[in-house]
Amino acid sequence: MPGLHRSIAVFAVFLLTTALMPVHAAVPASITTAGCEEQEFSLEYPSAPFKKLLPPGFKLSTLDPTGLLAFVDISVDHCNSVDGGAGSEDLTAFVEVVPPAQYQQANLTAYGLLLAIWSTRAQTVDTFTAWGFGKQAAAGLVAFKNGLNLLGRKIGTVTVQSGASKISALTFFAAQKSTYAAGGTRGFAQDASGALHILDANWTEQTFQGGLATFTQSGPGPLPLRLPAQIYPALAGHATNYALTLHSVQ
């Protein structure tokens, strides 16, 4: 039965070809971290360069009467474990936005347009890229530590570099430690085809201490305009002892 022999041969070639094809792992639905510590920086920044990045129906969150200043949140964190494995250091940068009503939820405390996610962990970069945040995701080098200055006051230092971009910050922690409640935020980005991508971040209760920071940037990111060479002020926070989960919504 030549037809049967031919079918068996074709099937054998199919099996061989399939076996030789590279295996692509499924895209994770979430990233879960534990044992995290974070330095966060909140600064006002000219709103004009962000407006061209906004998806349809989105507005910048501004409180100044002129609307010329946008609110930017930059977080640099170290987590002891990511998805049950080794830890990582990451930078995330958002500009705060007001999304259309269909993307808002009562349990979310803030919304942001993702400007950058730089990570020392290759799998994190790959996952964000698979979620549709490839323009924002990149490998980064992170130096993150806390200590005391000569006067015995608690300070924090951060240096993060990705490609030609580099940021550095020096924080003076002045406020008393307090407890920051568990909560969640939502991030957005629009890709080159116009598709909207959404991720949610949820954190557990954490220990928090506020302060003031000096902030500088060289290179094109994460902020779209280069900061002046002089010291740029920012509000700062230091959070410890929390877990964070990121998951793709669409």
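1. D200 is placed in strand β12 (residues 196-203); strands (E, at least two residues) are DSSP runs numbered from the N terminus. This is a predicted model, in which local features need pLDDT of at least 70 and side-chain atom pairs count only at pLDDT 80 or more, while totals for chains, interfaces and linings use all residues. Residues are numbered from 1 along each chain as its sequence is written, and side-chain values use heavy atoms, with hydrogens and water left out.

2. With a relative accessible area of 6%, D200 is buried (under 20%, 1.4 Å probe, protein chains only). Leaving aside residues up to four places away in sequence, D200 touches L108, T185, R186, T245, L246, H247 and V249 (heavy atoms within 4.5 Å).

3. The side chains of D200 and R186 are joined by a polar contact of 2.6 Å (N or O atoms within 3.5 Å, one able to donate a hydrogen and the other to accept it).

4. The largest pocket has a volume of about 900 Å³. A pocket is an open set of points on a 1 Å grid where a 1.4 Å probe fits, with protein on both sides within 12 Å along at least five of seven lines; lining residues have an atom within 4 Å of a point. Of its 40 lining residues, E38, E40, S75, T185 and W203 are the closest to the centre. Strand β14 (residues 232-248) gives the largest share of this lining, 7 residues.

5. The second largest pocket holds about 350 Å³ of space. Its lining has 16 residues, with L53, L114, L115, K135 and Q136 nearest the centre. The largest share, 5 residues, comes from β5.

Conventions. Grid points are joined across faces, edges and corners, and a volume is the space filled by probe spheres set on the points. Helices (H or I, at least four residues) and strands (E, at least two) are DSSP runs, numbered from the N terminus. Buried means under 20% relative accessible area, exposed over 50%, partly exposed in between (1.4 Å probe, protein chains only).
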